[in-house]
Amino acid sequence: MPAIHGPDLTKQPPRSARVRLGGYVILPRMLDKGRATVLGKQGEFHFNCPLDQHFVEFTGINPEALKEQLAAGKSDSEILSWIDSTVAKKRTAVEIAEWSRYQDFRGPSDLESRQFFNDYHAKLAPQREDVTSWFDILDIDDFVSYGGKA
């Protein structure tokens, strides 16, 4: 079995969804969750969750094929090369940057998700008035889940 280097998500969170690899947000977090899943150390995190699916839909990659690449022990740069050679539709750097920028600021877009977002915000950090995006909520949740105070 190849050496797989991944985080133990029972002890630390994955990288923030804001972190970029090849210009893509979400991807580094997805890779952390995928590696942890392969290692059986994903804790409460889920590979190919609804957040990850935004990346999957944008690139057209197969998440199970991605997990196979992670199980083969590939590094972030090797995974990025694999993605570049596998994507259904080749995107320009500008398209990737615009998609990532949109994801950075994306918030709830319907009543049901707005209610969930507001309830979760009230539970995690009711005093914070700067929480407007899904990435904001994820960052706070990661911090609080591992002992921090929001």
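Predicted model: local features only at pLDDT ≥ 70, side-chain atom pairs only at ≥ 80, totals over all residues.
Me: Is I26 buried or exposed?
Reply: A residue counts as buried when its relative accessible area is under 20%. The relative accessibility of I26 is 0%, so I26 counts as buried.

Me: Which loop holds N48, whose phi is near 65°?
Reply: N48 has a positive phi in a residue other than glycine, with a value near 65°. Its place is in the loop between α1 and α2.

Me: At what angle do the axes of α6 and α7 cross?
Reply: Two packed helices are described by the angle between their axes and the distance between the axes. Helix α6 covers residues 111-124 and helix α7 covers residues 134-145, and their axes come within 11 Å of each other. The crossing of this pair is left-handed, and the angle between the axes is roughly 35°.

Me: Which residues in α7 are met by residues in α6, and how many residues of this contact are nonpolar?
Reply: On the side of α6, the contact is made by S113, F116, F117, Y120, H121 and L124, and these meet W134, I137, I140, D141 and V144 in α7. Sorted by class, the contact of α6 with α7 has one charged and two polar residues, while the number of nonpolar residues is eight.

Me: Which element gives the most to the lining of the largest pocket?
Reply: The largest pocket has a volume of about 710 Å³, and 20 residues line it, of which R29, C49, L51, L138 and D141 are the closest to its centre. The elements that give two or more residues to this lining are α1 (27-39), α2 (50-59), α6 and α7. By class, the lining has six charged, three polar and eleven nonpolar residues. The element that gives the most, with six residues, is α7.

Me: How far apart in space are D141 and P13, C-alpha to C-alpha?
Reply: D141 lies in helix α7, and because its relative accessibility is 18%, D141 counts as buried. Leaving aside neighbours within four places in sequence, D141 is in contact with Y120 and L124. In sequence, D141 and P13 are 128 residues apart, whereas in space their C-alpha to C-alpha distance is 9.5 Å.

Definitions and conventions: Residues numbered from 1 in each chain as written. Heavy atoms only, no water. Axes fitted to C-alpha atoms, helices over the stretch in contact; angles between N-to-C directions. Helix = DSSP H or I, 4+ residues; strand = E, 2+ residues; numbered from the N terminus. Left-handed = near helix turned anticlockwise from the far one by under 90°. Contact = heavy atoms within 4.5 Å. Nonpolar A, V, L, I, M, F, W, Y, C, P; charged D, E, K, R; others polar. 1 Å grid on protein atoms, 1.4 Å probe; cavity = no way out; pocket = protein on both sides within 12 Å on 5 of 7 lines; lining within 4 Å. Points joined across faces, edges and corners; volume = space filled by probe spheres on them. Buried < 20%, exposed > 50% of the residue type's maximum accessible area, 1.4 Å probe, protein only.
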